[in-house]
Amino acid sequence: NGLMIRGNDVGFAVNELVRQISDLALAQVGQADSNLLRLKKTSFISNLSLLDETFRLAKVVKRPILIIIDEMDAFSGSAGSMEVNTTILERAKEKDRQVLLYHILDRVASRESSLSFVGITSHSATATLLEKRVKSRAEGTSKTIFVTPFDSYETLTQLLLQKFDGVERLKSTLAKWLRIDNEAKEKEVRQISQVFQRNCNAGKDLRWFVRVLAVALSLYREDLRISLQEDKAPDQRLVQFQPKYMLEALAIMGASATGCEDASFLTNPRIQILKDLSGPQVAVLLAGRRILSREAGKEIPQPLTLHRMLSDYTTYKGNSNCYSPRLFRRAFTQIVEMDVLRPSFDHSGGGPLQYEYGGSFAEMDATSISRMPLHVPYELDIELTRAIKGNLLDCSTALQDWGMKENS
């Protein structure tokens, strides 16, 4: 019947499912079944048992049911959507959502069921982060459909510019900045095109580029608001949309506007942070680099997690820079606090600045921390590899050589 249910309260979601499905089913069943359902509403302790009953009534009258969950990663309570400061109560609710998801998939897997389920997510690793029992119910009966909105940089720019239809002046400006053969005199304009092309070739999705534009416009809007409040002549209050907003937005989203041969590379504040990392912190970052390099060519990349980095680090056999798992985990916590690694809360419930990290691990259990998907706000080929080859990192040559390899 096309009605929407909010998913933040799993109890409400179950009750609303029951109400909607029972309205469909009871339209064609006898009064006895109707009375039975009302009785069960008052006598069943478990909402899931009541949901079972409505599924049964729908089956009797041969009513097909399609359940769609948008932002499935957020609804299911997977580690990909878990906020760092999540309370114990919220984690319990997230567990209940996984139970409901398991319950629905269990009915979908039944041959006699008329129930179908569609999960929509922008986080490619959602399926890998679900509980084992949930994944087991989807095996053999599910199909994953990947939507790739663009296959080239030209297609990407067309999609981005379409979002500015009706704002022709801004659309024309962005078209000049993003063109593939950009030969503008301004260095900043050339950098915008180069960074966009580099990240397109690196496999960034459409959502990432849209967030860059959203951040740039947010920065521009703030400057415009401040300018309009100043005591200036009307013609002096208008602030133009300049390349600096795009470059700052790219930096916020983890992209670098500095090339390998740029003379300012060594004085870049982002590179200075890498130079200040301790040995254990470098080991964590290099383990992450190895994993991301291996995943780059895969159709379905697995998320970067602390658990995977720690497992990969066990393959390092050098005589120096050998650290215990406890020290490795402590170094991981430190570089997250330093913003060298960030929790990747990648679902549409976040805002354009959702990669900003300002939380704490204080209320997270060890399992959640080890399974939390991570985002590296450094470009592996431009910044990290250059730092390794230039011996800028505080570690042994053996660890550097290990970090440059994809496999031991």
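A residue is counted as partly exposed when its relative accessible area lies between the 20% under which it is buried and the 50% over which it is exposed. Arginine 225 falls in this class, with a relative accessible area of 39%. The model examined here is predicted, and its mean pLDDT over the chain is 75, with 72% of the residues reaching 70 or more.

The highest mean, 93, is found in helix α16, and the lowest, 46, in helix α2 (residues 31-43). Over residues 29-45 the pLDDT stays under 50, and the model has 20 contacts beyond four places in sequence for this segment. Where pLDDT is low, the predicted coordinates should not be read in detail.

Eight salt bridges were counted. One of them joins glutamate 222 to arginine 225, with the closest N and O atoms 2.5 Å apart. Both residues belong to helix α11 (residues 206-229), where their spacing of three residues separates them by about one helical turn. An α-helix has 3.6 residues a turn, so residues three or four places apart point the same way. Glutamate 222 is partly exposed at a relative accessible area of 35%, and arginine 225 is likewise partly exposed, at 39%.

Arginine 294 and aspartate 312 form another salt bridge, in which the closest N and O atoms are 2.9 Å apart. Arginine 294 is part of helix α15 (residues 279-295) and aspartate 312 part of helix α16 (residues 306-313), so this pair ties together parts that are 18 residues apart in sequence. Arginine 294 is partly exposed, at 21% relative accessibility, whereas aspartate 312 is buried, at 8%.

A salt bridge also links aspartate 106 with arginine 107, the closest N and O atoms being 2.3 Å apart. These two residues and Arg137 are linked in a network of salt bridges. Aspartate 106 is partly exposed, with a relative accessible area of 26%. Arginine 133 has its charged end over the ring of tyrosine 102, 5.5 Å from the ring centre.

The structure holds 10 aromatic pairs. Among them, tryptophan 177 and phenylalanine 241 are stacked, with 5.5 Å from centre to centre and 25 degrees between the planes. Tryptophan 177 lies in helix α9 (residues 168-178), and phenylalanine 241 lies in the loop between α12 (234-237) and α13 (243-252), so the pair ties together parts that are 64 residues apart in sequence. Both tryptophan 177 and phenylalanine 241 are buried. Together with Tyr220 and Tyr245, Trp177 and Phe241 form one aromatic cluster.

In α20 (residues 397-404), the buried residues are Leu399, Gln400, Trp402 and Gly403. Viewed down the helix axis, these buried residues fall within an arc of 160 degrees, so they line one face of α20. Asparagine 391 is located in the loop between α19 (380-389) and α20. Although not a glycine, asparagine 391 has a positive phi of about 55 degrees. Most residues other than glycine have a negative phi. At 54% relative accessibility, asparagine 391 is exposed.

Terms used. Residues are numbered from 1 along each chain as its sequence is written. This is a predicted model: local features need pLDDT of at least 70, side-chain atom pairs count only at pLDDT 80 or more; totals for chains, interfaces and linings use all residues. Side-chain values use heavy atoms; hydrogens and water are left out. Buried means under 20% relative accessible area, exposed over 50%, partly exposed in between (1.4 Å probe, protein chains only). Helices (H or I, at least four residues) and strands (E, at least two) are DSSP runs, numbered from the N terminus. The arc is that of the directions from the helix axis to the C-beta atoms. A salt bridge is a side-chain nitrogen of Lys or Arg within 4 Å of a carboxyl oxygen of Asp or Glu. Rings of Phe, Tyr and Trp (its six-membered ring) pair if their centres lie within 6.5 Å; planes under 30 degrees apart count as stacked, over 60 as edge-to-face and the rest as tilted. A charge sits over a ring if NZ of Lys or CZ of Arg is within 6 Å of the ring centre and within 35 degrees of the ring normal. pLDDT is the predictor's confidence in each residue, from 0 to 100. Contact means heavy atoms within 4.5 Å.
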